[in-house]
Amino acid sequence: MRRVVITGMGVFTSLGRNKDCFFQNLVQGKSGIRRISQFDSSSLSIKIAAEIADYDPLDYFPAKQLDMLDKFAQFALIAAREAIESSGITIGDEERPRFGVVMGSGMGGAGSFDAGYHNLYARQATRLHPFTIPRIMHNAATSHICMEFGAQGPALATATACSSSGHAIGEAFHMIKFGLADVALAGGADAPITYGMMRCWESVRVLASGNGNPATACRPFSADREGLVIGEGAGIVLLEDLEHAVRRGATIYGEIAGCGMSSDASHITQPTVDGPARAIRMALAEGEVAPEEVDYINAHGTGTRLNDATETSVIKEVFKEHAGKLAISSTKSMHGHTMGATGAIELVATVMALERGVIPPTANYTKPDPECDLDYVPNQAREKPIRTALSNSFAFGGLNAVLLVRRWE
Amino acid sequence: MNVGEKVVEIIAREQHLDPAKVTMDSTFEELGIDSLDGVNILFALEEEFKIDIPDTVAQNMKSVKQVVDSLTRVLEGKDISDLAAMAKGGSPAASS
């Protein structure tokens, strides 16, 4: 069976526009959460988000290309460029049919939907801009990446809400492992900070308000947590067949050793313990890793009452007494919940933690919750050599994706 | 500004082109305008002139001159049913 390694990584987030800046800010416990500035948010009850400050698309794209790109596809392309650049790869013409792309997005072109429907309903327009469909479709990010980098192999998009990019990376991992492709870009992108989308999320009543202090609004696993914070951005990894990577003398950042996927088949928003637990066990089994070998879990850790308590139960269920010895952190406390991008952004955080021997903290942790009684690496990054880690993604809809990664030695 | 100048201005704006490069003799092919760009230009023209251009006519607009001719006739309220057939005729740009 082929082994699959990570040879390139890119992120575009509120906490940093490239992976090094992003990880440095994570380790320092900084926050990317702020008052929304991209539209007038004064009428919203939740006015905060993990927004990429001062983003100007013209810094990255010519005007003609931008006509065709919703913001989520822009973010995807920017992160893909970093992933390719950091890999040093050049793909020859004959290799293109073996170069795949899998990108996740929870919301697709939410901003283009919003603008189009505003014209239709509020301004009584009788027709919409002809680029509306190519901008809003969920596969737009995948297709634009294929076009920019000449990827002609298997290419698809995943839409499993908050697990979208966990599933995307899992699918690309299996494609390479089972010989359908040699190289693949995989990750996710979302740009859900729009007036309409914020109203949708407000109505679910799972958002933290921040009470005037956006930076500390997201407090996963803390007794006083009040919900999640919506974020925007993208994360992408370049996955490669190990032999292919070694042949070209690539720098290897880490190895994907397993991916577990499961469905709760229970409730559309309320998570179970069993579903996520099965996904974790499946990832461990694929990587032939014993529970005791896992050093770190980058948690789904949204900061909602229900998720964090359930995730804690899941970890105890799978790891038994080892659960208390694991380091667990939720980096969403800093980069927010970037929806379909979050699994990929967190995988990059996890791989960099393995690579550098520094575990990013769970920021804004104030006091223990009896229902969340594990080691969440509160507030301070921890220097500790780690070899094996998990990145959890548990979505609305009960669809779970868990990635198992190993430090490359 | 006459119809021709307005059309040139709109095409240049929508395609992010230098208006000096868009002339009455330019074909869409020369200007790098693909089918989806063409639909976008049509949309902009319809918005600007507050008119509807029938699909049969629109599909055969492959040069600046064809656009101006069709628009002029639509604006003058003339029958344009013959335009589609006309454009389908000899023009190589319309053969795709």
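Predicted model: local features only at pLDDT ≥ 70, side-chain atom pairs only at ≥ 80, totals over all residues.
Me: Okay, and which helix is A:Ala122 in?
Reply: A:Ala122 belongs to helix H4 of chain A, which covers residues 110-122.

Me: How far is A:Ala122 from A:Ala323 in space?
Reply: They are 53 Å apart, going from C-alpha to C-alpha. Along the sequence, 201 residues separate the two.

Me: Let's talk about the sheet in chain A. How many strands form it, and in what order?
Reply: The open sheet is formed by 10 strands, and the order is E5-E4-E6-E7-E1-E8-E14-E13-E9-E10. Its pairing is mixed.

Me: Which strands stand at the edges?
Reply: Those are E5 (155-158) and E10 (327-329) of chain A. Each has a single partner strand, so one side of each has no neighbour in the sheet.

Me: What does the twist average from one strand to the next?
Reply: It averages 25°.

Me: Back to E10(A). How many bridges join it to strand E9?
Reply: Three bridges do that, and the two strands run parallel. Strand E9 of chain A spans residues 296-298. As for who faces whom, A:Tyr296 is opposite A:Ala327 in E10(A).

Me: What holds paired strands together in general?
Reply: Strands of a sheet pair through backbone hydrogen bonds, in either a parallel or an antiparallel way.

Me: Which strands does helix H3 of chain A lie across?
Reply: Helix H3 (residues 71-87) of chain A lies across E1 (4-13), E4 (99-104), E6 (183-190) and E7 (233-241) of that chain. Its direction is at about 135° to E1(A).

Me: And what does helix H6 of chain A touch?
Reply: Helix H6 (residues 140-149) packs on the sheet and touches E4, E5 and E6 of chain A. Relative to E4(A), the direction of helix H6 makes about 150°.

Me: How much of chain B counts as buried?
Reply: The figure is 24% of its 96 residues. On contacts within chain B, taking those between residues at least 6 apart in sequence, 57% join residues at least 24 apart.

Me: Where do the chains meet, and how many residues are in contact?
Reply: Five residues of chain A are in contact with six of chain B. On the chain A side, these are three nonpolar, one polar and one charged.

Definitions and conventions:
Residues numbered from 1 in each chain as written. Chains lettered and ligands numbered in written order. Contact = placed C-beta atoms within 7 Å. Nonpolar A, V, L, I, M, F, W, Y, C, P; charged D, E, K, R; others polar. Helix = DSSP H or I, 4+ residues; strand = E, 2+ residues; numbered from the N terminus. Buried ≥ 20, exposed ≤ 12 C-beta atoms within 10 Å, placed from the backbone. Pairing = 2+ DSSP bridges. Axes fitted to C-alpha atoms, helices over the stretch in contact; angles between N-to-C directions.
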